[in-house]
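Visitor: I have a model to go through with you. Shall we take it by question and answer?

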Amino acid sequence: MKPEKHGKAALIGATVIASYGRHSLARSEDQTLWQVFGKGKRREVAVGDRILIQPSGDNQAWVEQIEARRNLLYRSDAMRSKLFASNLDQTILVLASSPPYSTELLGRTLIACQTAGVPLHIVFNKTDLLQGENDRKDIEKRLHQWTHGEVPIHFLSVRTQAEQAKELLQSLLKNKCSLILGQSGMGKSTLLNLMIPHAVAATNEVSIALNAGKHTTTHTQMFEGENGIRLIDSPGFQAFGLNHLSPDELKDAFTDIAHQAMRCRFANCQHKQEPQCAVKIAIEEGELFAPRLQLMQLLLDEIQTTHY
Ligand SMILES: Nc1nc2c(ncn2[C@@H]2O[C@H](COP(=O)(O)OP(=O)(O)OP(=O)(O)O)[C@@H](O)[C@H]2O)c(=O)[nH]1
Ligand SMILES: [Mg+2]
Ligand SMILES: [Zn+2]
């Protein structure tokens, strides 16, 4: 549908479906793809943003307005936080036992999703590599130290039990927009291809629309499948950006530590060398998981070096 002309062309509603660094691509309701450019303060858009665009040429348009976002995640790009994905129903973190998953990514994902108000699910892939029930119990126990049982864990094998995996994923993903995350080798692409078989073709379509060629490194893209499944894939994803958080917001997100810290002798206790530190005592007594404190201190250092 071409915009009507009333002196100035009418604005068109669209959704941002891909972002390659400075280039973004949006799809309007009539399925037209637009290469979109921000102006001034509205420069940056996130995949998932609902926007109003002003056509400026062949399939090119200015971003005139970004609708209020339901939620927003940032990614970290060499010391800077960049907009990443918005209006998500959930994040799916894909883990596996081989290659070993990164607990740091798990910890960061928990904090990023919690502070952004995005529900998190763990999909533990490659169960065919596990030895049995005991392995699974072990994994659950180790994940529990980070999630405190607040994150559902779904075990499956996308490659060797594809039908079962598909059924489970259908019910998890239907009518939702889900961000798929996980480090290299966990099986994200295998999962994406299982749920949205035309994903490769869609990637090519987007590359052509952006004249992006094959030399694009960071990009994030939304794929639409059957049953209202929308998946956001981001090959090359490195880390979440958390620099928009204040130290207090970050501390509050570690609810287990915050809970113990109320009993520290000093109100501003850093849980390092201070006497009568309730957090250190809780760790010694096995009530608190030491890597949680290490991660919190690492993240606090990171945001403080960028804030000051
Ligand atoms: N044994 C086993 N291997 C799997 C399973 N799912 C995926 N794989 C394999 O794991 C390897 C990595 O899978 P990918 O889907 O490419 O992983 P990815 O997460 O997309 O990795 P990057 O694209 O590098 O980020 C491939 O060789 C897959 O065939 C599974 O359920 N079991
Ligand atoms: Mg992949
Ligand atoms: Zn303390």
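Visitor: Is T109 buried or exposed?
Guide: This is a predicted model, where local features need pLDDT of at least 70, side-chain atom pairs count only at pLDDT 80 or more, and totals for chains, interfaces and linings use all residues. Residues are numbered from 1 along each chain as written, chains are lettered from A and ligands numbered from 1 in written order, and side-chain values use heavy atoms, without hydrogens and water. T109 lies in helix α1; helices (H or I, at least four residues) and strands (E, at least two) are DSSP runs, numbered from the N terminus. Buried means under 20% relative accessible area, exposed over 50%, partly exposed in between (1.4 Å probe, protein chains only), and T109 has a relative accessible area of 0%, so T109 is buried.

Visitor: How many Å apart in space are T109 and L72?
Guide: In sequence, T109 and L72 are 37 residues apart. From C-alpha to C-alpha, the separation of T109 and L72 in space is 13 Å.

Visitor: How many salt bridges does a search of the whole structure find?
Guide: A salt bridge needs a side-chain nitrogen of Lys or Arg within 4 Å of a carboxyl oxygen of Asp or Glu. Searching the whole structure by that rule, the number of salt bridges is six.

Visitor: How many residues apart are D49 and R69?
Guide: Their side chains meet in a salt bridge, 2.8 Å from N to O. D49 sits in the loop between β5 (33-37) and β6 (50-57), and R69 in the loop between β7 (60-66) and β8 (72-77). D49 is buried, at 0% relative accessibility, while R69 is partly exposed, at 29%. This pair links distant parts of the chain, and the separation is 20 residues.

Visitor: Which residues do salt bridges that share partners join into one network?
Guide: R108 and E104 meet in a salt bridge at 3.0 Å, N to O; being four residues apart in helix α1, they are separated by about one helical turn. E302 also forms a salt bridge with R108, with the closest N and O atoms 2.7 Å apart. E302 lies in helix α9 and R108 in helix α1, so this pair ties together parts that are 194 residues apart in sequence. Through shared partners, the network joins E104, R108 and E302.

Visitor: What is the count of aromatic pairs?
Guide: Rings of Phe, Tyr and Trp (its six-membered ring) pair if their centres lie within 6.5 Å; planes under 30 degrees apart count as stacked, over 60 as edge-to-face and the rest as tilted. By this rule, the count of aromatic pairs is seven.

Visitor: Where does F124 lie?
Guide: Y101 and F124 form an edge-to-face pair, 6.1 Å centre to centre, with 90 degrees between the planes. The pair links parts of the chain 23 residues apart. Y101 is in the loop between β10 (90-95) and α1 (103-116), whereas F124 lies in strand β11 (residues 120-124).

Visitor: Why is the pair of W146 and F289 edge-to-face?
Guide: The ring centres of W146 and F289 are 5.6 Å apart. W146 is buried, at 7% relative accessibility, and F289 is partly exposed, at 22%. The pair is edge-to-face because the planes of W146 and F289 stand at 90 degrees.

Visitor: What percentage of ligand 1 does the protein bury?
Guide: An oxygen atom of ligand 1 is 3.0 Å from an N or O atom in the side chain of R159, and an oxygen atom of ligand 1 is 2.9 Å from an N or O atom in the side chain of S189. Taken alone, ligand 1 exposes 660 Å², with accessible areas from the Shrake-Rupley method and a 1.4 Å probe; for residues, only the protein chains shown count as cover. Of that area, the protein buries 72%.

Technical notes: A polar contact is a pair of N or O atoms within 3.5 Å; within protein, one must be able to donate a hydrogen and the other to accept it, and residues adjacent in sequence count only if both atoms are side-chain atoms.
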